[in-house]
Amino acid sequence: MRQINRVAVLGAGVMGATIAAHLANAGLEVLLLDIVPRELTGEEAEQGLSLESPAVRNRIASAGLGGLIKMKPAPFYLKKYAEQISVGNFDDDLEKLKECDWVIEVVIEHMPIKKDLLAKVVPNLAAGAILSTNTSGLSVNEMAEMLPEDVQKNFLVTHFFNPPRYMRLLEIVPSQYTDPDIVSGLADFISRRLGKGIVYAKDTPNFIANRIGVYSIFNGVQHMLDLEMTVEEVDSVAGPATARPGSAAFRTSDLVGIDTLVHICKNTYELLPDDECRETFKVPEFMEQMVEKGLHGNKSKRGFYRKDQVDGKRIIYYYDYTSGEFKPAEKPKFASVVAVKMVDDPAQKIKMVVNGHDKGAEFAWRSLRDTLIYTVNRIPEIADDIINIDNGMKWGFNWELGPFEMLDAIGVQNFVKRSLKDGVDVPDCLKDVDCFYRYNNSGQQEHYDLIEKTYQQAPRIEGQINLQILKKASGVVEKTSNCSLLDLGDGVFGFEFHSKMNAISGDILAMTHKAIKRAEEEGVGLVIGNQGANFSVGANLMLLAVAMAEGAYEDIDMSVRAFQKATMAVKYAKVPVVAAPFGMALGGGCEFSLHADAMNAYAETYMGLVEIGVGLIPAGGGTKEMCLRAVELAAQFDTDVTPFIFKNFQQIGMAKVSMGAAELKEMGYMRHGDSISMDVSRLIADAKQKVLALVTNYRPQKLVENVPAPGRGISASIKSQLWNMKMGGFVTEYEAEMGGIIADVICGGDVLPGTLISETYLLQLERQAFLKLCGNKKTAERIQHMLKKGKPLRN
């Protein structure tokens, strides 16, 4: 397959434009084209432009690009990446396709329009260029039939999910003519460069994820009507309680668009005359009425839910399909759902909920029962194996477990017995299966092949390290309930957090020293990383709240010292230490990363020193580190340290969190030589390679001494601005006080500018400030408020 450097996107609607943005995120040059407008706008006419003016002819593509800058959530990692996209139109610029290595068609989902455009594209393709369509369910074989033989072999479906930056799933559907090498080569490129999870689907309506996901939603609607439940009651069950996203069923519908769902459902009904559950895809009358009323979901700000401001408060309403009116949300609480609120394991949640004894549990069982049976019956129709289906639902619909993993959680034979008791037909293949996933005696994962009726070893992908499989294969060197030390191979050890939300506990701090010692004595380096939902949300506020309530300030001081010793051990290890943050890396999670020799972060890393949110200061070395980095930058550029201190103070004082790893370099958290991985599956392996790269010429750091303190003058300037903000009503007296304490620490205390201070001294200032804030009544109130909101680990 040819090297891909330049990509053309044909169609500048929301989907096409956001695909173009993500290609730019990956560092590719992008050409974005769309149709030529048929008439002038009033503004264009006033400017004296004509239909032949380039600005007019490229208006639609330009509008698509312009809309990306304002779009939320942001499609670009950094706004400046928009500069990598050039625009044009189908009439004037198709010849430019000859300069492109990959051409993606993203026009309206209507076969005649797609075929017409493809016919115009073919003469302008470069030899060997890849041509793909982003259809969400139209036949790839029907499109391929109209293409020349030399293009057919390079043609396939690449179905991005919306929004492309954030949704990991990409379905690849080859035609009967597609060259297998093109399929594998493009899949590898898309996973590495675009960070996508690849699922291989067949040429069937809606492919994999939408086929099962849409069925699940409309089957859920049927059971909602049968059980006389509200949409709010259904969502309380069909979300995290049953290993699915917080948007559950109907918030997901609002997100997708109710009109879009209805359209997909009708198409599915027409295209699947032989589907055993075809009647499920008949749109309920109340949903037809919702579309007629303009209740389209989030895009119309009204759908199954509506949000209003009443007396300055946000009030949420749900749609009552029996009356056609909106009613205030009541936050229903089924006992079966409440019982799993503190359960972390999604498999255990499902098992507990479906075995409950209330209406919520009955809905969970019925809806999952039907969805799982429907899924089993789709093999080999939509895919040949269970892995593609499970990954499709996890990556495309954000399920925590795929359908076959859910069957394992419930117990396959328990599922069969209960379904038969309900009088439901069960696929014969289920009656002979004990589980769909297992580990063999060698610790290798196997999955059950429904076609061959045997267990097959899960495919291993080069460049990926699966920690779960590694641990099953005796890769654990030492462990506690909250963390493990793993052997990643080649002399590199892995330090894995696996506490609740990966919060940093006392045993994690103690294990940090053991991990470093082991790496120094028996290996060449250490990776700090894990494969949970988030890297780490920081320290456990619950433990701190208890200590504060008891006035145990000596214990708090000891805990802070232990935290600082752990992060300093990371910084001054005799072997390279690389942090591999991803997802949320907040508070202490951020501090651990800041002290590593290098970071290899996942592109979607949301990192920040957020302690001020609960009235505290970063005291695990975070404030100290940002002081040192400011001084270092000032010395590097031989300039005044003030602007660097102000910037770092603002980031701490405003609890700024990056909206992606690319922002971390601008924030000063990532430095020259740090890396970003687009594919989260390769993150640990990439971090390991960075350790090995650092080993060759590694020079351990020495404790920083003789740092010229920014001094009391800069601290006074910060406090002056805080006073002005307090007088203007922008911050409270308490917030100004907290800001002043942070200013004192980050400026090196009450000393003259240039006074030589040490890293140890800065850590002491951190501890003193932390303890002072712990003694503040308002800090205790903030922490209690956070705990009441159910966020005990965000520090």
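1. Start at Pro328, which is placed in strand β11. The model is predicted. Pro328 counts as partly exposed because its relative accessibility is 48%. Tyr317 is 11 residues away from Pro328 in sequence. In space, the two C-alpha atoms are 4.3 Å apart.

2. Now look at how β11 is held. Strand β11 covers residues 325-328 and pairs with β10 in the antiparallel sense. Four bridges join β10 and β11. In one of these, Asp320 has Glu325 of β11 as its bridge partner. The two strands form a hairpin with four residues between them. Gly324 sits in that turn and has a positive phi of about 75°.

3. Tyr317 of β10 stands opposite Arg306. The hairpin of β9 and β10 has two residues between the strands. Here Asp311 takes a positive phi near 55°.

4. Next, the aromatic rings. How many aromatic pairs does a search of the whole structure find? The search finds 17. One of them joins Phe250 and Phe304, with 4.6 Å from centre to centre. Their planes are 55° apart, and the pair is tilted. Phe250 belongs to helix α11 (residues 250-256), while Phe304 is in the loop between α13 (285-292) and β9 (305-310), so the pair ties together parts that lie 54 residues apart in sequence. Both Phe250 and Phe304 are buried.

5. Compare the pair of Phe404 and Phe436. The ring centres of Phe404 and Phe436 are 4.9 Å apart and the planes are at 65°, so this pair is edge-to-face. The pair links distant parts of the chain, 32 residues apart. Phe404 is in helix α18 (residues 403-410). Phe436 is in the loop between α19 (412-421) and β12 (437-439). Phe404 counts as buried because its relative accessibility is 0%. Phe436 is buried too, with a relative accessible area of 0%.

6. Rings also gather in a group. Six residues, Phe495, Phe497, Phe535, Phe563, Phe582 and Phe592, form one aromatic cluster.

7. Two arginines deserve a look beside aromatic rings. The charged end of Arg438 sits over the ring of Tyr455, at 3.7 Å from the ring centre. The charged end of Arg244 sits over the ring of Trp399, at 5.7 Å from the ring centre.

8. Arg244 leads on to the cavities. The count of cavities of 30 Å³ or more comes to two. The largest cavity holds about 170 Å³ of space. Its lining has 17 residues. Nearest its centre lie Ser216, Ile217, Arg244, Ala248 and Ala249.

9. Which elements supply at least two residues each to the lining of the largest cavity? They are α9 (209-227), α11 and α16 (359-376). Helix α9 gives the most, with five residues. By class, the lining of the largest cavity has 11 nonpolar, five polar and one charged residues.

10. The largest share, three residues, comes from β17. By class, the lining of the second largest cavity has six nonpolar, two polar and one charged residues.

11. Finish at Ala533. Is Ala533 buried or exposed? Ala533 is exposed, with a relative accessible area of 70%. Ala533 is found in the loop between β18 (525-528) and α22 (541-549). His498 is 35 residues from Ala533 along the chain. The C-alpha atoms of Ala533 and His498 are separated by 9.9 Å.

Notes:
Residues are numbered from 1 along each chain as its sequence is written. This is a predicted model: local features need pLDDT of at least 70, side-chain atom pairs count only at pLDDT 80 or more; totals for chains, interfaces and linings use all residues. Side-chain values use heavy atoms; hydrogens and water are left out. Rings of Phe, Tyr and Trp (its six-membered ring) pair if their centres lie within 6.5 Å; planes under 30 degrees apart count as stacked, over 60 as edge-to-face and the rest as tilted. Buried means under 20% relative accessible area, exposed over 50%, partly exposed in between (1.4 Å probe, protein chains only). A charge sits over a ring if NZ of Lys or CZ of Arg is within 6 Å of the ring centre and within 35 degrees of the ring normal. Two strands pair if DSSP finds at least two bridges between them. On a 1 Å grid over the protein atoms alone, a cavity is a set of points where a 1.4 Å probe fits but cannot get out, and a pocket is an open set with protein on both sides within 12 Å along at least five of seven lines; lining residues have an atom within 4 Å of a point. Grid points are joined across faces, edges and corners, and a volume is the space filled by probe spheres set on the points. Ala, Val, Leu, Ile, Met, Phe, Trp, Tyr, Cys and Pro count as nonpolar, Asp, Glu, Lys and Arg as charged, and the others, Gly among them, as polar.
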